[in-house]
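Open the model in your viewer and keep the sequence panel beside it. We will go from stop to stop, and at each one you will hear what to select and what is there.

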Amino acid sequence: MNYPSWRTLELGAAITTPGNAAELKTGDWRTEFPVLDEEKCVKCGLCAIYCPEFCIHEDDTGYFRADLYYCKGCGICVHECPKDALTMQLEEK
Amino acid sequence: MAKRIGIENSLAVAEAVKLARAEVIAAYPITPQTHIVEELSQIVANGELEAEFIPVESEHSAMSAAIGASAAGARVYTATASQGLALMHEILFIASSLRLPIVMTVANRSLSGPISIWNDHSDVMAERDMGWIQVFGENGQEVFDLTIMAFRIAEDKRVLLPVAVNMDGFILTHMIESIEIEEQEKIDKFLPPYKPVLRLDPAHPISMGPVGVPEIYAEAKKQQEVALLESKAVIKEVFKEWAEQFGRAYNLIETNGPEQAEVVFITMGSLGETVMSALDLINVQGDKARQVRIRLWRPFPEEELLAALEGAKKVIVIDRAVSFGTSYGPVAGEIRSMLYKLKEQPEVYNFICGLGGRDVTRQEFKQMYELAEQGQYKDKYLIWGVREND
């Protein structure tokens, strides 16, 4: 994300493009990310229901996967998975 | 033609707000500001001014309502004093950071405690870093003029900042003076309707006051600071235009007395006129003292003050508030730090006087001059007139 200089920043730091919070890469905040074990997963979707960031969506194959652009790595999906199909893995760069 | 009438200064301020065609007035009454908003509520109720008068439940709400109305694009006015200004504290900073051109009269009154309804500058000095343009009027006419000019300055696209017009409580608010009330037609020409750059509009949604993440906050503050500093040039322009149209000239600071005098009084607010009279006493023996009256407090007119203090050997700074636990009152502290830029620095004498509405007479200013002449309290401050013994 490009941040504006003090000269180009909107007057009083106003947001003039509604909905631009979608551009904010909250995925930068995490230290761990969820990994799915497809063998154990029963595609119940509880992880998607519990995700506070609404970043877990069903894909074409019926599995639920986290959008890592937004996933903050809170681990709630891992905690809630009834089949222990999710584990947290350390983010390494 | 403008008409000159005898009128209480508070009512003249209300008249100025009416002439400025304020669209929203949100205020809570507090002594000694009451007469201003009382009069305005009547003006609105009588249908003489097409405005929304919001009788809010506190000053915190007054400033909040003012911000909402200003964000929606209205021309907004409020007035307060002392505890009322203190109660506005957190919201004052939001008005300036959102760049909303609200105009507010501060009828300067001491802060509690002990409770005092009388005049000094402790209320506004506690808020001096609020990011507002801050001017001080010295008499009723000046406050009338400054109130109208304040809207013009605040709403200028190069400024877009709130303006506080300070007037000494009682000494000015409750004084009846001979004031020239300008014609509506001329004021309309001087002050066209407010056209906001950004405003809350359902047809073009924007967010005002969002969170400023660490990557944005410093830029936002820099933008605000530059706007405040650069407002000085606009203020000068507006003062000049006012002089051309209405014949009363104002500067950021005013000087008075013999130029060659080496002792200089510095005042802010109504005491400037007492010093003016005191100079007549002091200068009987020759050109001893002169004075500088600060009209613009924020942004601080450093350049103008340095020029005015040229040749000064001793500077007597009059403060109207205590800045607890440090050396000097708020004005003297500022002056001293400014003087550090000079190669040859004049001595600074700081008298903190007129606290809680105590009178300061011209004889007392003469005594201050004499103390400075003798070098007493050189580079020190003194809370003036305090009883040491029962």
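Start by selecting Pro114 of chain B: Pro114(B) sits in the loop between strand E5 (103–108) and helix H5 (122–125) of chain B. Helices (H or I, at least four residues) and strands (E, at least two) are DSSP runs, numbered from the N terminus. Now show the backbone here: the peptide bond joining Gly113(B) and Pro114(B) is cis, with omega about 5 degrees.

Before moving on, note that this is a predicted model, in which local features need pLDDT of at least 70, side-chain atom pairs count only at pLDDT 80 or more, and totals for chains, interfaces and linings use all residues. Residues are numbered from 1 along each chain as its sequence is written, chains are lettered from A and ligands numbered from 1 in the order in which they are written, and side-chain values use heavy atoms, with hydrogens and water left out.

Go to Pro32(B), in the loop between strand E2 (24–27) and helix H2 (34–45) of chain B. The peptide bond from Thr31(B) to Pro32(B) is cis too, with omega near 0 degrees.

Two strands pair if DSSP finds at least two bridges between them. Zoom in on E2(B) and strand E4 (residues 76–80) of chain B, which run parallel and are joined by 2 bridges. Which residue in E4(B) is the bridge partner of Ile25(B)? Tyr77(B) is that partner.

**Across to the other domain**

Colour chain B by domain: domain 1 covers 3–246 and domain 2 covers 253–383, with bounds from an automatic or database domain assignment. Their C-alpha centres lie 28 Å apart. Where the two meet, 30 residues of domain 1 of chain B are in contact (heavy atoms within 4.5 Å) with 26 residues of domain 2 of chain B.

Next, select the open sheet of 6 strands in chain B, ordered E9-E11-E10-E13-E14-E15 with mixed pairing. Strand E9 (253–256) and strand E15 (380–383) of chain B each have a single partner strand, so one side of each has no neighbour in the sheet. Follow strand E13 (residues 314–319) and strand E14 (residues 347–352) of chain B, which are parallel and joined by 6 bridges. Here Lys314(B) stands opposite Glu347(B) in E14(B).

**Last stop: a cavity**

Finally, select Leu11(A), Leu98(B), Arg99(B), Leu198(B) and Met208(B), which lie nearest the centre of the second largest cavity among its 14 lining residues. On a 1 Å grid over the protein atoms alone, a cavity is a set of points where a 1.4 Å probe fits but cannot get out, and lining residues have an atom within 4 Å of a point.

How values were computed: On a 1 Å grid over the protein atoms alone, a cavity is a set of points where a 1.4 Å probe fits but cannot get out, and a pocket is an open set with protein on both sides within 12 Å along at least five of seven lines; lining residues have an atom within 4 Å of a point.
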